[in-house]
Amino acid sequence: MPPPPYVCLERVAKRFGTGPEVLSDIDAEIGLGEFVSFIGPSGCGKSTLLRLLAGLIEPTSGDIAIEGRKAAYTSAKAFFVFQEPNLLPWRRVAANVELPLMLRGDERADRKLRAQKMLDLVGLGEAADKFPWQLSGGMKMRVSIARALSVAPRILLLDEPFGALDEMTRDRLNEDLLAIRQRDPFTAFFVTHSVAEAVFLSTRVIVLSANPGRVAATIEVPFVYPRTAALRETPEFLEKLGVTSRALRAASVAEAPAS
Amino acid sequence: MKRASPWVMPLIGGVMLVALWYAVIGIFGFKSYVLPTPISILAAAVHERQALLAGALITGEGALLGFLAAVAGGFLLALIVALAAPLKQAFYPYILVFQMTPVIILAPVFVLWWGQGVPSIVAITFTICFFPIVANTTMGMISTDRNLRELFVLCRATRLQEIRFLRVPAAMPYFLIGMKIAGTLAPIGAITGDFLTGTTQNGLGGLGFMTIAYFSQLKIPELFATGMVACLLGFLFVGGVNLLHWFMLHRWHDSQRRNE
């Protein structure tokens with residue numbers, strides 16, 4: 001018998017106020033430790049889906065269950081990496097990374113240690129004493145990831161975190177993210193516009209179509225972890241890339257007549 | 001082109017203004033009780049230095065105490081308002097009513113309650129300084145970035161943690177703007193207060209009362225000298241607040257940084 005799903009979305013729909021449906025009829029069952037990417041044309045509700053999973057907003061109808069409980073109740077186990085770095089400008093980098101730990105009442109010495117470790121992990125060990133304005137956009141994003149990882153979340157929700165980074169940095173952070181996950185496993189939900197990124201990271205890519213957002217295709221990515229940079233050059237990877245790109249194109253074309 | 005010292009242009013401007021001043025007196029033949037010359041004002045300031053210093057101290061004391069009370073009270077009220085939206089809805093209109101009531105009308109009431117002199121001056125200064133601090137700080141506390149608030153929700157921060165680690169620091173620039181406005185108003189408020197409630201206790205009032213005295217004696221150069229001292233007092237206040245502003249924000253806030 002297969003293990004019960006860790007995260008379960010059942011006929012989830014969301015509309016804001018009296019507006020049109022942003023998400024409609026989303027069904028998905030995600031196993032513990034999976035890495036799921038959402039990809040789709042803009043306006044397909046990818047970010048909304050992530051915020052639903054974080055318990056930041058409630059679905060209009062349908063259910064989201066994590067470990068069999070409503071998403072909002074388990075948000076302690078999840079952490080969010082926002083589209084923007086979202087750092088507190090008056091706190092130094094290390095203090096920003098420590099923030100979630102401080103808010104939950106960890107000892108000062110423990111959280112200092114943890115923050116430094118997380119900063120080392122994202123390659124910003126030297127920047128601990130800087131203020132956010134002294135960092136580049138990419139560096140700020142890394143601080144934001146270090147902050148999310150500091151609480152050792154069971155579920156990590158990432159909303160296009162690497163969208164603003166150059167490709168080399170993005171690739172490296174992709175590899176780093178998988179390396180971290182190898183050591184300290186978490187279930188990940190990842191929103192991106194990059195097919196290559198989605199395929200490289202994920203166990204499963206969910207392609208959404210827009211207006212309203214629906215699941216257009218689900219693509220299993222069976223490559224074993226640990227995945228390394230070498231994976232990107234294999235024919236199997238390139239083939240998966242092609243399949244995903246076609247699915248994304250189909251999902252985008254399907255909604256074109258509406259516009 | 002080599003950049004001139006920042007003092008050069010203001011100095012040239014000042015010399016030109018003084019020249020214009022003398023020219024006006026020369027052309028129109030104003031008597032010194034209509035428009036005294038700058039030199040006679042300076043002479044009056046030197047001559048009356050003890051009275052002016054004593055007056056400035058009284059006014060300064062009233063301004064400082066009223067200002068500090070307004071800063072503390074205003075911040076506290078903004079904090080309460082940020083903590084509880086219903087309280088804001090319930091009482092904010094009445095703060096406005098209090099603010100809209102002219103000081104001229106409140107002044108006699110204050111004298112009735114606290115008598116003439118410093119306590120009433122403090123009360124009037126407080127009345128004038130209070131509102132800009134409340135309004136600005138409240139604005140700062142309720143306009144925190146939505147994304148940052150979500151971050152705190154995700155961290156399951158308590159309301160008190162959100163206030164302490166997010167709302168208050170985020171409101172600091174607004175609070176300091178409120179303080180800047182209040183800082184420019186405080187000496188004016190104190191002089192107005194003194195003007196309205198001043199006393200001749202010990203033969204001396206504050207700068208506000210001295211203007212009444214000098215005017216009634218037609219000591220116009222002395223009157224101008226009083227204005228000069230009041231002006232200096234104002235600069236002292238604004239300078240102090242600016243210093244505080246810099247101290248609080250220079251490490252992180254955009255307003256305090258040069259573009260690199």
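1. The model is predicted, and chain B averages a pLDDT of 88, with 94% of the residues scoring at least 70.

2. Chain B contains ten helices and zero strands, and its pattern along the sequence reads α-α-α-α-α-α-α-α-α-α. The C-alpha trace of chain B spans about 75 × 65 × 30 Å along its principal axes. Of the 260 residues in chain B, 38% are buried.

3. Chain A holds an open sheet of six strands, in the order 6-7-8-3-9-10 and with mixed pairing. Strand 6 and strand 10 (214-220) of chain A are at the edges; each has a single partner strand, so one side of each lacks a neighbour in the sheet. On average, neighbouring strands of this sheet are turned by 15° against each other, direction ignored.

4. Within this sheet, strand 7 (residues 155-159) and strand 8 (residues 187-191) of chain A run parallel and are joined by five bridges. Leu158(A) has Phe190(A), in strand 8 of chain A, as its bridge partner. Helix 4 (residues 137-150) of chain A packs on the sheet and touches strand 6 and strand 7 of chain A. The direction of helix 4 makes about 175° with that of strand 6 of chain A.

5. For the complex, the predictor gives an ipTM of 0.84 and a pTM of 0.82. The contact between the chains takes 18 residues from chain A and 13 residues from chain B. On the side of chain A that touches chain B, the elements giving two or more residues are strand 6 (78-81) and helix 2 of chain A. Helix 2 of chain A provides the largest share of that side, three residues.

6. Which residues does Leu99(A) touch, not counting residues up to four places away in sequence? They are Leu88(A), Arg147(A) and Cys155(B). Leu99(A) lies in helix 2 (residues 93-103) of chain A. Leu99(A) counts as buried because it has 25 C-beta neighbours inside 10 Å, the cut-off being 20 or more. Leu88(A) is eleven residues from Leu99(A) along the chain, and the C-alpha atoms of the two are separated by 9.3 Å.

Technical notes: Residues numbered from 1 in each chain as written. Chains lettered and ligands numbered in written order. Predicted model: local features only at pLDDT ≥ 70, side-chain atom pairs only at ≥ 80, totals over all residues. pLDDT = per-residue confidence, 0-100. Helix = DSSP H or I, 4+ residues; strand = E, 2+ residues; numbered from the N terminus. Buried ≥ 20, exposed ≤ 12 C-beta atoms within 10 Å, placed from the backbone. Contact = placed C-beta atoms within 7 Å. Pairing = 2+ DSSP bridges. Axes fitted to C-alpha atoms, helices over the stretch in contact; angles between N-to-C directions.
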